[in-house]
2 protein chains.
Amino acid sequence: MRTNVRASACRLLVGLSAMLVAIPAVLAADDDPLPSWNDGANKQAIIAFVRATTSEGSPQFVPPAQRIATLDNDGTLWVEQPLYTQVVFAAQRVKALADRHPEWRTTQPFQALLEKGEAALADFSIEDFAKVVAETHNGLTVEEFHAEVRAWLETARHPRYKRPYTELIYQPMLELMRYLRASGYRTYIVTGGGQEFVRAFAEKVYGVPPEHVVGSAAGTRFEYAKDGRPELVKLPKTLLIDDGPGKPEGINLMIGRRPVAAFGNSTGDRQMLEWTAAGKGARLMMLVHHDDGEREYDYGPNSKVGPFPESLMDEARRNGWHVISMKRDWRRIFMFEQ
Amino acid sequence: MRTNVRASACRLLVGLSAMLVAIPAVLAADDDPLPSWNDGANKQAIIAFVRATTSEGSPQFVPPAQRIATLDNDGTLWVEQPLYTQVVFAAQRVKALADRHPEWRTTQPFQALLEKGEAALADFSIEDFAKVVAETHNGLTVEEFHAEVRAWLETARHPRYKRPYTELIYQPMLELMRYLRASGYRTYIVTGGGQEFVRAFAEKVYGVPPEHVVGSAAGTRFEYAKDGRPELVKLPKTLLIDDGPGKPEGINLMIGRRPVAAFGNSTGDRQMLEWTAAGKGARLMMLVHHDDGEREYDYGPNSKVGPFPESLMDEARRNGWHVISMKRDWRRIFMFEQ
């Protein structure tokens, strides 16, 4: 079932841990913290890592204060195909606000979006995305923005699944986050997407509070409303693009600690995993590989959204990072599956 | 003992709380969470607030997830006179690095510092300060920078007290932080000083972990060292000046929640207290007033470091913010006092 590549990648970390902390080959159903995961090297690696780092007396024990896990959002916790959810949201706002912004008709990337519609989005760079997000959110207070995101998520439907985006959450990753938290880990979302966009739903959907969401961030300005009440208004000024090298930079800015475990799915997560791996002691690095076109999507090196290039696969192989096959490792992908 | 002004400011918050949660007039010594505080309206206000917001069934109950307290550092948790500690640190680095930066001889604020020595620092604005900090820390990795700060704190001595700066911590505020944390609050430091500077000692000195330090922040760049190891190098690029309106902006960026309690001592904390006060439900806003020239310093409206203008005193008065008199409210200021 398992390829040699994956098996050897797993062995590096599991090997030592397994010697230190006995793991029953088959977990009793009631005790299984990861019921949506098929038994196999990846599930075993997670359990071995958690036990090795949280059992008193284990040589790999990690004190609770240092138990930081970081997880990418798009493609790692929820579906990112055919387009990043926030891009769909922002594109719809560009259309809604276009009359108030005549300059968008001749300014990229707005022009492309207005002329070609959502088709233009496939060619967007993360900078284009940041620009659209920054401009369309400009002038709203943080609370107003959260309210807009929540209202949109209530009604928007994914084109393929015809369900709210917040139902397109990977059940195995939800179980992983809950298992980590129950083991004293704090689970931070570290997303290339907008920090406030993700904060608008992360607590309800993932159980991740706003202070544990690190993302691409725009500036705000402290102002007084007409009634004298202070408010924070979003500005079209990017403070941080939390993608690629921006992920460890954002982690340092917002958390100030190196993660012990990191989870991603694409080239934008490479540096976060490298930064995590370079720390001393036990580490767990995992990449979700989208190889299940039937239940989800099958995409890899050449995808414009969430690419997983061969060089990343090589790096995972060389360094003992675990590659999760959605097809083989996940018994159930979505909560709504029977 | 207590002025009418202060008493009326206190009454607003204490009044309601005291009716809801009975507070013994005199606490048994063993049970006193704030032994370095003299009995009085301010101590009572803290205890009333904590009990009202953490007692199940209290109409002012605040769920644990929302128990966020923010505290300024310079002048609120430790001595800021005659100069901010980090400014002294940075000034010494400017001298040490001057040979490598001939351009500083003709660039302000470096020129003033090199020509006049530490006397020049009294005229520095927060922007000057940010510039010096950014330039002198440029090129160090975050770990190297922490090591430099810690080494400096080991040997540097305060000009008046002849003690390490980390001993010039206000014992009553340490007790307050511990009491808040024991009551389920997270205590965030929100400082105009450098985030990484404060992170270098906050865990050891205050029990505040790096992820609970919000401060003025410079960018970093993710790089690979010669041996291929990834590292984060500090850049001379300011991301956030966490002072005045920058405090609520920084709180939103790094925490994403409105504090329930906020503590400061000067005009740079005004907007943080306003932002805190504007939330719904129970709130506690306190300002440390430096009025004890004998044990510490006596400074107010006209101080260049940590000014407490009359307009701030008026605002406190109008809004029921508590003004802490170091002279009258604090039985002991420093741990080393007998």
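This is a predicted model: local features need pLDDT of at least 70, side-chain atom pairs count only at pLDDT 80 or more; totals for chains, interfaces and linings use all residues.
Residues are numbered from 1 along each chain as its sequence is written, chains are lettered from A and ligands numbered from 1 in the order in which they are written, and side-chain values use heavy atoms, with hydrogens and water left out.

Strands β5 (residues 261-264) and β6 (residues 284-289) of chain B pair in the parallel sense over four bridges; strands are DSSP runs of E, at least two residues long, numbered from the N terminus, and two of them pair if DSSP finds at least two bridges between them. Both belong to an open sheet of seven strands with mixed pairing, in the order β4-β3-β2-β1-β5-β6-β7 (chain B). At its edges sit β4 (230-240) and β7 (322-325) of chain B, each pairing on one side only.

Now for the neighbour: 36 residues of chain B touch 36 residues of chain A, contact meaning heavy atoms within 4.5 Å. The two chains bury about 3,100 Å² between them, with carbon and sulfur atoms giving 52%; this is the accessible area (1.4 Å probe) lost on being put together, summed over both. Eight salt bridges cross the interface of chain B and chain A, each a side-chain nitrogen of Lys or Arg within 4 Å of a carboxyl oxygen of Asp or Glu. The side chains of B:Glu211 and A:Arg186 form a salt bridge at 2.4 Å, N to O.
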